[in-house]
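The tour goes from the whole chain to a few selections.

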Amino acid sequence: MSWESLPESVKESIKERYEKDLKERRSSSNVIYHSELDGCIRKSYLRRKYPLVPDINAIMGLWRGNILHPAILKHFPRNEVPIKYPIAGTGVILSGRIDAIDKDGTVTELKTVSSIYHVQKRGFPNPWDRDRVLAYAYNWGARKARLIYVDLGGAITFEIPVDESEAEEVFEKRVRLAKLLHDCLVSETTPDPINCLELEDGGLECETFPCEYLVNGMCPGKMALKAQEEEEWDI
Ligand code: SF4
């Protein structure tokens, strides 16, 4: 499937959403989002400083989310609950949005994926997703957490026990990462990669996530990316 084959109205709405997210992030370096801490901090830095035109996979992911999120979340008593945690003495706000809170107070995170097959086969949630929902549960003071993976054909749910000391540890780690990302954005210093394997030839193998900045097994320097900064949103 190609981007061109989508109806104009769909393309426009997806493009608007991308541009809005991008503008918000670029204009508020003191606000760090939990979603930016799921994985490589360098990638989150580059996405703010040198955004790339999204590929069809990213676009389709957004489209899936736009369809499935409201359709599922409306069945919960509370949904899309913003949470903000001001990090003392820094002016930095760690920000996020709990997808849903159930009647019994269970903090619920919904992940729309292209296929739940791999999650089912693995049998446990992605560690970053687990960390995120634990951090939300800790911030909200919830005793229970839940992760739901959904695709266009089905869903798989994981109930996550909230151990308070583990949740606190996960949350504190996110606070440290948020401060690090903020400091790098302010000082315009590209952070070290996290979760990527340094190879002998100086390249990087990014194992945890597919990354749009990885080129031929290498993480390109920021100068190589600068040329793309002015690229038109001609998607
Ligand atoms: S290529 Fe790897 S190290 Fe570079 S930003 Fe992406 S995930 Fe991080």
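**Whole chain.** Start with everything shown. This is a predicted model. The chain has seven helices and eight strands. Of its 235 residues, 23% are buried. Among contacts with a separation of 6 or more, 68% join residues 24 or more positions apart.

**Confidence.** Now colour by pLDDT. The chain has a mean of 83, and 82% of its residues reach 70 or more. Where is confidence lowest in the chain, and where is it highest? The lowest is in helix H7, residues 222–229, with a mean of 53. The highest is in E5, at 97.

**Helix H5.** Select residues 127–140, which form H5. From first C-alpha to last, the 14 residues of H5 reach 20 Å, close to the 20 Å expected at 1.5 Å a residue. Show the side chains of Asp131, Arg132, Val133, Leu134, Ala135, Tyr136, Ala137 and Tyr138: these are the buried residues of H5. They pack against strands E2 (78–87), E3, E4, E5 and E6 (155–161), and against helix H6 (164–187).

**H5 against H6.** How do the axes of H5 and H6 cross? They come within 8 Å and cross at roughly 100°. Angles of 65 to 115 degrees count as roughly perpendicular, so H5 and H6 are roughly perpendicular to each other. On the H5 side, the contact is made by Asp131, Leu134, Ala135, Ala137, Tyr138 and Asn139. On the H6 side, Glu166, Ala167, Glu168, Val170, Phe171 and Arg174 take part.

**The largest nonpolar core.** In soluble globular proteins, nonpolar side chains tend to be buried together. The largest nonpolar core here has 18 residues. Select Val107, Val133, Leu134, Tyr136, Ala137 and Ala145, the residues that touch the most other members. Strand E3 (92–101), strand E4 (107–112), H5 and strand E5 (144–150) each supply at least two residues of this core. H5 gives the largest share, six residues.

**Val107.** Centre the view on Val107. Which residues does Val107 touch, leaving aside those up to four places away in sequence? They are Ile98, Ile101, Val133, Tyr136, Ala137, Trp140, Ala142 and Ala145.

**A separate core.** For the last stop, select Leu46, Val92, Ala178 and Leu181. These are among the 13 residues of another core, which lies apart from the largest one.

Conventions:
Residues are numbered from 1 along each chain as its sequence is written. This is a predicted model: local features need pLDDT of at least 70, side-chain atom pairs count only at pLDDT 80 or more; totals for chains, interfaces and linings use all residues. A nonpolar core is a set of buried Ala, Val, Leu, Ile, Met, Phe, Trp, Tyr and Cys residues joined through C-beta atoms within 7 Å. A residue is buried if 20 or more other C-beta atoms lie within 10 Å of its own, exposed if 12 or fewer, and partly exposed in between; C-beta atoms are placed from the backbone. Helices (H or I, at least four residues) and strands (E, at least two) are DSSP runs, numbered from the N terminus. Two residues are in contact if their C-beta atoms, placed from the backbone, lie within 7 Å. pLDDT is the predictor's confidence in each residue, from 0 to 100. The expected span of a helix is 1.5 Å times one less than its number of residues. Axes are lines fitted to C-alpha atoms, for helices over the stretch in contact, and angles run from 0 to 180 degrees between N-to-C directions. Angles under 35 degrees count as roughly parallel, over 145 as roughly antiparallel, 65 to 115 as roughly perpendicular and the rest as oblique.
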